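Keep the viewer open and follow along as we go from one spot to the next.

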Amino acid sequence: MEITASIAKDIASTLLDIEAIKLSPEVPFTWASGWKSPIYCDNRMLLSFPAAREKVALTMSQFIKEKYPNVQLIAGVATGAIGMGMLVADRLGLPFVYVRPEPKKHGRGNQIEGSFTEGEKTVVIEDLISTGMSSIGAVKALRENHLDVLGMVAIFSYLFEVAQHNFSSAAIGLDTLSQYNALLEEAKERNYISQAQLETLAKWRLAPDKWT
């Protein structure tokens with residue numbers, strides 16, 4: 001199964017429909033990093049909409065089944081991808097674990113929660129790719145625990161150049177169901193944004209850390 005342009009636009013349309021993605025070029029959002037952004041994406045919203053979450057979970061599980069037929073374990077990146085990762089694992093009939101940003105400071109001190117066996121072929125689920133650093137940190141933790149990470153599949157990516165560089169440097173294969181360009185195309189077609197807003201949004205992706 002290939003993630004085609006039509007699939008990417010369909011997923012983008014779904015995210016817009018449930019307001020998981022909001023576009024506001026004139027009144028930008030402020031990210032935790034301090035960056036000003038004309039877009040805010042919260043894919044955890046999918047969990048509240050049965051039809052939407054089923055579409056994404058089914059598309060993702062079908063893609064993983066065909067691209068990674070030998071997968072033995074699904075890992076979700078906490079916290080955003082825990083719900084979707086569990087849904088995908090359920091459809092594939094596979095065990096599931098999730099990866100914390102860092103080990104717990106109490107109890108067993110786990111960073112990976114759940115049962116796994118060293119050497120298991122693992123596909124990582126992520127909800128959103130921005131710079132990619134937290135996602136790469138999760139893969140690093142899995143590898144340090146001797147799991148064989150086959151690749152990562154995410155719902156949406158902003159397509160930042162820094163993320164592409166980071167994933168390449170870490171030797172992690174990444175596929176996303178939808179991405180920023182597909183979102184802008186879908187938003188423009190449904191008159192969600194004007195041509196001027198489209199140009200503003202396109203410029204932001206090229207230098208998000210400098211955009212105002």
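Let's begin at serine 134, which lies in helix α4 (residues 133–144). Helices here are DSSP runs of H or I with at least four residues, strands are DSSP runs of E with at least two, and both are numbered from the N terminus. Serine 134 is exposed, with a relative accessible area of 57%. The labels work like this: buried means under 20% relative accessible area, exposed means over 50%, and partly exposed falls in between, using a 1.4 Å probe and protein chains only. Although serine 134 and valine 77 are 57 residues apart in sequence, their C-alpha atoms are 8.4 Å apart in space.

Before going on, a word on how to read all this. This is a predicted model, so local features need pLDDT of at least 70 and side-chain atom pairs count only at pLDDT 80 or more, while totals for chains, interfaces and linings use all residues. Residues are numbered from 1 along each chain as its sequence is written, and side-chain values use heavy atoms, with hydrogens and water left out.

## The sheet and its helices

Now for the sheet. Six strands form an open sheet with mixed pairing, in the order β7-β6-β5-β8-β9-β10; two strands count as paired if DSSP finds at least two bridges between them. The edges belong to β7 (112–113) and β10 (174–179), each of which has a single partner strand, so one side of each has no neighbour in the sheet. Strands β5 and β6 (residues 96–99) run parallel and are joined by four bridges. Alanine 75 stands opposite valine 97 in β6.

Helix α6 packs on the sheet, where it touches β9 and β10, and its direction makes about 10 degrees with that of β10. Contact means heavy atoms within 4.5 Å. Axes are lines fitted to C-alpha atoms, for helices over the stretch in contact, and angles run from 0 to 180 degrees between N-to-C directions. Helix α2 (residues 50–67) lies across β5, β8 (121–129), β9 and β10, running at about 150 degrees to β9.

## Salt bridges

How many salt bridges does the structure hold? There are eleven, counting a side-chain nitrogen of Lys or Arg within 4 Å of a carboxyl oxygen of Asp or Glu. One of them joins the side chains of aspartate 17 and arginine 190, at 3.1 Å from N to O. This pair links distant parts of the chain, 173 residues apart: aspartate 17 is in helix α1 (residues 5–17), and arginine 190 is in the loop between α6 (180–189) and α7 (195–206). Aspartate 17 is exposed at 53% relative accessibility, while arginine 190 is partly exposed at 31%.

Arginine 190 also forms a salt bridge with glutamate 186, with the closest N and O atoms 3.4 Å apart. Glutamate 186 is buried, at 12% relative accessibility. Shared partners also join Lys9, Glu185 and Glu189 into one network of salt bridges.

## Backbone details worth a look

Most residues other than glycine have a negative phi, and most peptide bonds are trans. Against that background, the peptide bond from alanine 78 to threonine 79 is cis, with omega near -5 degrees. Threonine 79 sits in the loop between β5 (73–77) and α3 (82–92).

Histidine 146 has a positive phi, near 65 degrees, and is placed in the loop between α4 and β9 (148–157). Asparagine 191 has a positive phi too, near 60 degrees. You will find asparagine 191 in the loop between α6 and α7, exposed at 65% relative accessibility.
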